[in-house]
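Here is a short walk through one structure. Keep the sequence and the 3D view open as you read.

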Amino acid sequence: MPLVKQGRLTTDLFVHVADGAELPGDGAVLVSAERFLADPEALLRRPGKVGVIWPNNRNLDDLVPHLDRLASIALVFPTFRDGRAYSQARLLRERYGYDGELRATGQVLRDQFVFMTRAGFDAFEVKKDADADAFAATMKRYSVFYQPTGDGRVTALNRRMQLRHSESAGQ
Amino acid sequence: MYAYDELDRTLINERVSEFRDQVQRRLSGELTEDEFKILRLQNGVYLQLHAYMFRVAIPYGTLSSKQLRRFAHVARRYDRGYGHFTTRQNIQFNWIKLSELPDALADLAEVGIHAMQTSGNNMRNVTSDQWAGVAPGEIEDPRIWSELIRQHTTLHPEFSFLPRKFKIAITASEHDRAAIKIHDIGLRLHKNADGETGFEVLVGGGLGRTPFIAKTIKPFVPGRDILSYIEAILRVYNQYGRRDNIYKARIKILVHELGIEKFAKEVDEEWKQMGDVGLTLDHAAIEEVRSRFSYPAYEKLPHMPDELKQAAHDKLFERWRKNSVFPHKVQGYSIVVLSLKPVGGPPGDASAEQMDALADLADKYSFGEIRVGHEQNLALPHVAKRDLPALFKALDRLGLATPNVNLVTDIIACPGLDYCSLANARSIPVAQELTRRFANHDTADLIGRLHINISGCINACGHHHVGHIGILGVEKNGEEFYQITIGGRADENAQMGTLIGPAVPYAEVADVIEDIVEAYLALRDRPEELFVDTVKRLGVEPFRERVYATR
Ligand code: HEM
Ligand code: SF4
């Protein structure tokens, strides 16, 4: 599955390790929430970065204490219609200050990229090659945003007020 | 009127270009129908019985004459010359080609109209009182808040893939014309003891398979906090709303399963934790939006102009005036409701010619403004009383002066089996037959205010649960049957109707309704007692008897 990061197709450095499968001696791994929570310390002690795949119906409370030691959190879109991971992403970024990689996995299509980046995702396991190729173009689609989210983009309302402010200051 | 600025226009255009690309990818086969479905729904495009259906938003029911003219253009250029106004302050076109949809959207975008989120599992078009800004006694114009919420929820990155559709309605009047209690979130603007303006927030209302009246989750949320409070509700719903079963996915089910107290606690918890995330609306932000609403330069006019006194001798005019003309907050002006329910016509339809002509009348008599109400009627919100006689003549020529507003023939009906792929039964022909049965205006006038609502299936697009008389199409052994409920209402005292007995076949529906109405005329206390009030006083039993005694 192509991975888009920093706006570009990238090689995935993380190895998905299935539950029960043996961990490689070093290197970055991505494991399930169960596996991680069973013994977080052991995983984090091993050489190599650790990422966790967090299901979209699981409360983030169990994850929050480990955030500063995780290199990646992969949130799941079982279908592109299921938007629970958008809320999880915003909470991780905006409420809990998580600043590692936030990865979208599952049914990830180009038509969700804008929503996803706005919610805080910065890595995308994209389902179709063509969609991954179109990432940069898709991200240019919108220049106006109505609501504030943690991505820092200025809202239309704020732009209007700034404009008004500078107009009245100029008089 | 709200004026879109460069930023709003840019966003709409960007949306059109995105959709053009999505349609292209569908037509080339790059997108599967399953993938495309949700994308087209987010742009108001349904696949219906005969063709694609296109649903366009009319935010809070306010239209300019220019925008109405553009609907006429879309009807003519891309459809079969008419449009259908719906109970959601939308207009639908039934016969548009998929390949032409992006062009139709682009034409609409030029006048600040879009179809974003008129369907799909996201925040739908925010609806409001169709008399907003002109109704006497309202707290303030609720459209300012509707617009703030419209903007906040448009292409919201967290709430565009909710468990199910989500509808917000707002009223600022004592008398609720926005049916807020049958919405996912209902907002009632009022002032608290300190004179501060804010909202009573209701949640979990809705019709369909499992109808619920919304419950109050918070009696008062200050205006400045309304966006963050709505965001908290939606976040709880997005995370905990059921996704395993589409019939149980609406917020009303979550509220029902948790109980309102527990749900309210969850929301409060979320709200508290949210802290300051830039959603608080300070005075400047509210004023920024308020400043882009413009209001007519009303003249100082007499309460009772000579033109009106003279016209009082014209019986037809008087009949229409009594029925269709309503008080305005400015002296000398009126709100004029235009019935889209002519005898024998499909409720809510307007032809391109009617739309064009009405746009001209709005320019001439109503400062270029038109309103769309959830009863599937239109209104001219600022008509000088002296112009009423001339306006009546012009409307009459257009077939828009049927004097039946709020009467028995002012029927709300969904498209039913004539257009809808989900229907079990026809709705439009039932409505047409009923308008013929009660065509005599004197009889209708004698009966007084009586709302009939018809849906062609359990989804309740025609609001049948809250009709004074509700008619619901069901299917039995391949035949159309109809369940009849009475005593429902959608106003500030909203209530679901009660079933009066077994469903009746298509051919008998009009007779049954006539029986119910006759029973009411015999049973009412006095002529002023409304049908719903008689039902409330006596219950359904006497009506049940009257209907089923001979069947
Ligand atoms: C023609 C295509 C249409 C389709 C396929 C359609 C589909 C649906 C469905 C599936 C629901 C039930 C949703 C639920 O309870 O979860 C629904 C509800 C509703 N629809 Fe439609 N509809 C159509 C047209 C209309 C029209 C023409 C109107 C207005 C005249 C309308 C207004 C409504 C309203 C008011 C509800 C009630 C929602 C509630 O409060 O629960 N729809 N529609
Ligand atoms: S109530 Fe049923 S038949 Fe009528 S429009 Fe809605 S889905 Fe179609």
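The shell around ligand 2 holds eight nonpolar residues, four polar ones and no charged ones. Here Ala, Val, Leu, Ile, Met, Phe, Trp, Tyr, Cys and Pro count as nonpolar, Asp, Glu, Lys and Arg as charged, and the others, Gly among them, as polar. Among the residues around ligand 2 are B:Cys414, B:Cys420, B:Cys457 and B:Cys461; a residue belongs if one of its heavy atoms lies within 4 Å.

This is a predicted model: local features need pLDDT of at least 70, side-chain atom pairs count only at pLDDT 80 or more, and totals for chains, interfaces and linings use all residues. Residues are numbered from 1 along each chain as its sequence is written, chains are lettered from A and ligands numbered from 1 in the order in which they are written, and side-chain values use heavy atoms, with hydrogens and water left out.

Turn to ligand 1. It is surrounded by 23 residues, and B:Cys461 is one of the closest. By class, its shell has eight nonpolar, nine polar and six charged residues. Which backbone supplies a polar atom 2.8 Å from a ligand 1 oxygen? That of B:Leu207. A polar side-chain atom of B:Arg164 lies 3.1 Å from an oxygen atom of ligand 1. For B:Arg250, a side-chain N or O atom is also 3.1 Å from a ligand 1 oxygen.

Now look at helix H2 of chain B, residues 33-41 (a DSSP run of H or I, at least four residues).

Terms used
Buried < 20%, exposed > 50% of the residue type's maximum accessible area, 1.4 Å probe, protein only. Helix = DSSP H or I, 4+ residues; strand = E, 2+ residues; numbered from the N terminus. Polar contact = N/O pair within 3.5 Å; in protein donor to acceptor, adjacent residues only side chain to side chain.
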